[in-house]
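Hello,

Here is the structure I said I would pass on. Please open it first and keep it beside you while you read the notes below.

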Amino acid sequence: MTVTRIRGARLLDPTKGIDDALELEITGSRISAVGHELSGSADQVVEAEGLWLAPGFVDLHTHLREPGQEYKESIATGTKSAAAGGFTTVCAMANTDPVNDSPAVTEFIRRRARETAAVRVHVIAAATQGLRGEVMSEMALLRDAGAVAFSDDGAVIMNAAVMRRVLEYAFGIGRTVIAHCEDLDLRGPGVVHEGAHATCCGLPGSPAEAESVMVARDLELARLTGAALHIAHVSAARSVDMIRDAKRAGVRVTAEVTPHHLALCDERIRGYDTNAKMAPPLRTARDREALREGLADGTIDCVATDHAPHAAYEKDVEFCGAPFGVVGLETALPIVLELVRERRLSALAAIDALTRRPARVLGLGAGTLEVGAPADLVLIDPDRVWKVEAQGLASRSKNSPFLGNEFVGRATQTWVGGRVVHALDEESS
Amino acid sequence: MKQLLDTETPSREELERILDTTEAMLEISQRDIKKVPTLRGRTVINMFLEPSTRTRVSFEIAAKRLSADAINVTASGSSLSKAETLSDMARNLSAMQADVLVVRDRNAGVPAMLARHLSIPVINAGDGNHEHPTQALLDAFTIRQAFGNIEGRVVSIIGDVAHSRVARSNIHALTKLGAEVRIAGPPTMIPVGVEQFGVKPCTSIDEALDGAHVVMMLRIQMERLEGALFPSVREYASTWGLSRERLRLARPDAVVLHPGPVNRGVEIQSEVADAEPSRILDQVTNGVATRMAVLYLLTGDSQ
């Protein structure tokens, strides 16, 4: 078996609390040694002076669009995008076409992943049939087919009684329900956060309470049922407060925040850039501050991208008519690293939010540099300055709100199971 | 100025330049032969993708009085009904060497989006609930005509501010030109964060009218909003409608404006709409002159 030694890097392993200059050795597909000045021969030595070595990132919220919308993204291109962003595990959302509400679709996605994916793909199945929020999907059969969690995502389950049964049933089969909390009636025609910027642009707004009333409902239902609830892409300060309180009270709740909600606020909609349109919308600077605080104090468990590719022609329309969503796999890292530079997070905490903590939410067993674990790794150049450009993105879609931005920090090399799936050539810096 | 997408962006000086130019254009409209060769050989495309009579005709007359060729495109007769995208259509029109695009659309931000695709000037003739800059300019001109200046005048904008592009454009323009702007309407029709634009929200029509120089009544969309944002037309008319009696709360020399079309007996009683303080028809006359001024400044020799 091939032995690869990575030396000179600052090694960050949140599962062991390690932040130290250590060498790491890969033998075949697994991590075979971690330590100071490893001895023995290696077939290949990667010199990683000035770089960070971390477990590959884990994304709990990825829209890979296959089957059905391959013009936006495919399992192949979406996972290439993941690898380029340092992710080695992604969880594919259920709103494909056909919807992933049957074991056949789950099995199809897993087969296509085996055949074409650059990184590990886990499957999230629909919580209700057809994402209609009425009849629950065949959750036990879906679990047996490989579904790691259940979610209707943006097709919010508006009926509280249905949501209650979904939570109960998922609890019974040992699976977490992921909730996109947004009251669709309260949101109404809203396409952006309701506030002065929406008013100025004449765009229909959706108040932060469209999210927080649903967070309140779902926290109560999680308490009622004892089920594990994961709240997707928290965007509002009030939601953070309620999740914090619920955690203190022992409710089994976890939560994620997207890089774009950590980086941007509603001012970004000025000029009607449809790449600033997503659900939930970008909110106020005060909300953004609460999200950063929540991530730092652990109320929010992890960062998840909500990578949502759309074709250029779909976004090149009037703001109200454009689809919600932005791509995010390739720009997540520098946004989280910005919090490290601002001393909001330690380097180890930042890596934790991208690796161990998301893996723990769904019990995925990824996100570690332990000896014997699969060699899912990323080398990070924390000082690399780069510009986000459409042609530089590996995703098939380019709908990023960060096009033209200069970022600091980039994944330079990514391994999945000991195999290099992304290597940044020096030219493309 | 290269565009007129809103009144939020232009400076006070730019707005005043348009008002001053409007003065000269108004004079042309009062001549026997209401036509000057200023824009001869220029092509103005009026792309009205939302039904409109007054604004479309006003722009068309304005273009023709300046001797430009005006082409009207409407949604139903256009290739947009064949699912061509807006940006493709605009690029095609521009490839036909048009000199200026006037656009009205029911979606906020469409003129801004088209402006990004095009190299010719774009004039916003009303986009969704966003802005209607030429309406605000003609309102400002009408106020200046009535009082000699705008600085320090109290302007009360009353009605559905949330769904009014006219209100937004007037708020930006009039506050910039030195007026004191008040807004009033049912709380369900007052947009979030509006106080950040330097206006004073009032809780009743009486409070808004008290000592006002200008009373600007907004049209309410009865069909769409009755039941959702206010309980009934009857209740709206009695709580927020402008009657002769109520108007007495304003200054004796106050003028009444309305962007039209008027819902008689709803936001305004006929006795007010048709009486002396009403400047509603002056607004329409001034609208042509204002649009002539804007077309001239964006496409004329001044470039």
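**Aromatic rings**

Over all chains, the structure holds five aromatic pairs. Please keep in mind that this is a predicted model. A pair of aromatic rings is described by the distance of the centres and the angle of the planes.

One pair is formed by Trp386(A) and Phe407(A), with 6.0 Å from centre to centre and 50 degrees between the planes, and it is tilted. Trp386(A) belongs to strand 18 (residues 377-387) of chain A and Phe407(A) to strand 19 (residues 406-416) of chain A, so this pair ties together parts that lie 21 residues apart in sequence. Trp386(A) and Phe407(A) are both buried.

In chain B, the ring centres of Phe230(B) and Tyr236(B) are 5.3 Å apart and their planes stand at 55 degrees, so this pair is tilted. Are these two residues buried or exposed? Phe230(B) has a relative accessibility of 4%, and therefore counts as buried. Tyr236(B) has a relative accessible area of 2%, so Tyr236(B) is buried. The cut-off for buried is under 20% relative accessible area.

Back in chain A, Trp386(A) and Phe407(A) come up again: together with Phe402(A), they form one aromatic cluster.

**Charges over rings**

Two contacts in chain A involve a charged residue and a ring. Arg10(A) lies over the face of Trp52(A), at 4.9 Å from the ring centre. Lys277(A) is placed over the face of Phe324(A), at 4.7 Å from the ring centre.

Best wishes

Key
Residues are numbered from 1 along each chain as its sequence is written. Chains are lettered from A and ligands numbered from 1 in the order in which they are written. This is a predicted model: local features need pLDDT of at least 70, side-chain atom pairs count only at pLDDT 80 or more; totals for chains, interfaces and linings use all residues. Side-chain values use heavy atoms; hydrogens and water are left out. Rings of Phe, Tyr and Trp (its six-membered ring) pair if their centres lie within 6.5 Å; planes under 30 degrees apart count as stacked, over 60 as edge-to-face and the rest as tilted. Helices (H or I, at least four residues) and strands (E, at least two) are DSSP runs, numbered from the N terminus. Buried means under 20% relative accessible area, exposed over 50%, partly exposed in between (1.4 Å probe, protein chains only). A charge sits over a ring if NZ of Lys or CZ of Arg is within 6 Å of the ring centre and within 35 degrees of the ring normal.
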